[in-house]
Amino acid sequence: MTSGKQARLKRKAPAAPPPVRSKGAPRRKASPKVLAGAAVVLALVATGVAVAALAFGGSSSSSSGTIPTRGSLENALPDAAVAEGLFKRIPQNGNVLGKPTAPVTMIEYIDLQCSACRAFETEIMPSIFPKYVRTGKVRVEARPIVAIGPDSERGVRGALAAGEQDRLFNFAQIVYSNQGPENGGWLTDRMLQDAAVSIPGLDVPAFLRAVHSSAVRAQEKRFNEQANADAVSGTPTLFVGKTGGKLHEVTPGLVPTVAQLSAALDGARR
């Protein structure tokens with residue numbers, strides 16, 4: 001596994017995004033061609049046409065015997081410990097974070113190589129998790145999608161594979177904390193592996209098998225279809241409302257501030 005410093009140097013990550021402005025920063029617009037292309041590729045994969053090219057080097061990544069079988073914070077990627085502390089003892093079930101019976105639901109469409117998503121998840125959500133999610137007031141449903149480019153699909157599958165072990169949010173947070181430039185080639189199979197190895201207790205071989213499983217492909221296809229049905233045109237896109245009721249988009253076209261998102265969550269409880 002690459003060290004944290006080596007990983008950052010190789011990916012040549014840009015400086016942290018500028019602070020989110022008081023009126024909300026623009027979200028990352030999705031490319032219609034990418035969204036449409038993702039649907040086509042997923043259809044082909046579902047029929048068995050394009051599976052082989054997507055495998056980790058065409059063989060098991062754990063065959064070298066150098067990959068830990070269990071994730072840990074030893075030699076982990078930068079900020080893996082922060083992610084562990086952020087989500088510790090908050091229930092996770094697949095792509096859902098928080099108490100299942102929470103009165104308010106927030107759906108977030110995200111792309112793991114989206115810089116606006118990085119700003120949102122690392123600057124805004126750490127204030128939301130302890131106040132609303134840890135206390136059982138809000139459940140968060142993450143729907144990772146392919147919005148920017150080909151590497152986005154790899155990010156989606158890594159997140160969903162981690163979700164099979166109820167660690168999607170840990171995985172996404174680690175990737176965001178170590179994000180490189182959009183379409184910069186940093187979101188590789190090795191990056192997925194290194195992020196997985198940085199999650200304490202994660203079954204790494206099971207994660208690597210799940211990345212290209214039919215179950216993950218089906219879930220990826222479903223999330224992209226839901227994004228199209230919800231007219232998602234950029235990431236992050238957020239919907240908030242009473243659990244089981246109609247959800248409404250928060251600050252359309254913009255990344256909400258902590259105050260704006262808090263107001264939406266509080267309003268949904270009334």
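Me: How much space lies in the largest cavity?
Reply: This is a predicted model in which local features need pLDDT of at least 70 and side-chain atom pairs count only at pLDDT 80 or more, while totals for chains, interfaces and linings use all residues. Residues are numbered from 1 along each chain as its sequence is written, and side-chain values use heavy atoms, with hydrogens and water left out. A cavity is a set of points, on a 1 Å grid over the protein atoms alone, where a 1.4 Å probe fits but cannot get out; its volume is the space filled by probe spheres set on the points, which are joined across faces, edges and corners. The structure holds 1 cavity of 30 Å³ or more, and the space in the largest cavity is about 60 Å³.

Me: Which element gives the most residues to the lining of the largest cavity?
Reply: Lining residues have an atom within 4 Å of a point, and they include Phe87, Phe129, Phe169 and Tyr176. Two or more residues each come from β5, α4 and α6 (168–177); helices (H or I, at least four residues) and strands (E, at least two) are DSSP runs, numbered from the N terminus. With 5 residues, the element that gives the most is α6.

Me: Why is the pair of Phe87 and Phe129 classed as it is?
Reply: Rings of Phe, Tyr and Trp (its six-membered ring) pair if their centres lie within 6.5 Å; planes under 30 degrees apart count as stacked, over 60 as edge-to-face and the rest as tilted. By this rule there are 4 aromatic pairs. The ring centres of Phe87 and Phe129 are 5.1 Å apart and their planes stand at 70°, so the pair is edge-to-face.

Me: Which ring lies under the charged end of Arg222?
Reply: A charge sits over a ring if NZ of Lys or CZ of Arg is within 6 Å of the ring centre and within 35 degrees of the ring normal. The charged end of Arg222 is 5.8 Å from the centre of the ring it sits over, that of Phe223.

Technical notes:
On a 1 Å grid over the protein atoms alone, a cavity is a set of points where a 1.4 Å probe fits but cannot get out, and a pocket is an open set with protein on both sides within 12 Å along at least five of seven lines; lining residues have an atom within 4 Å of a point.
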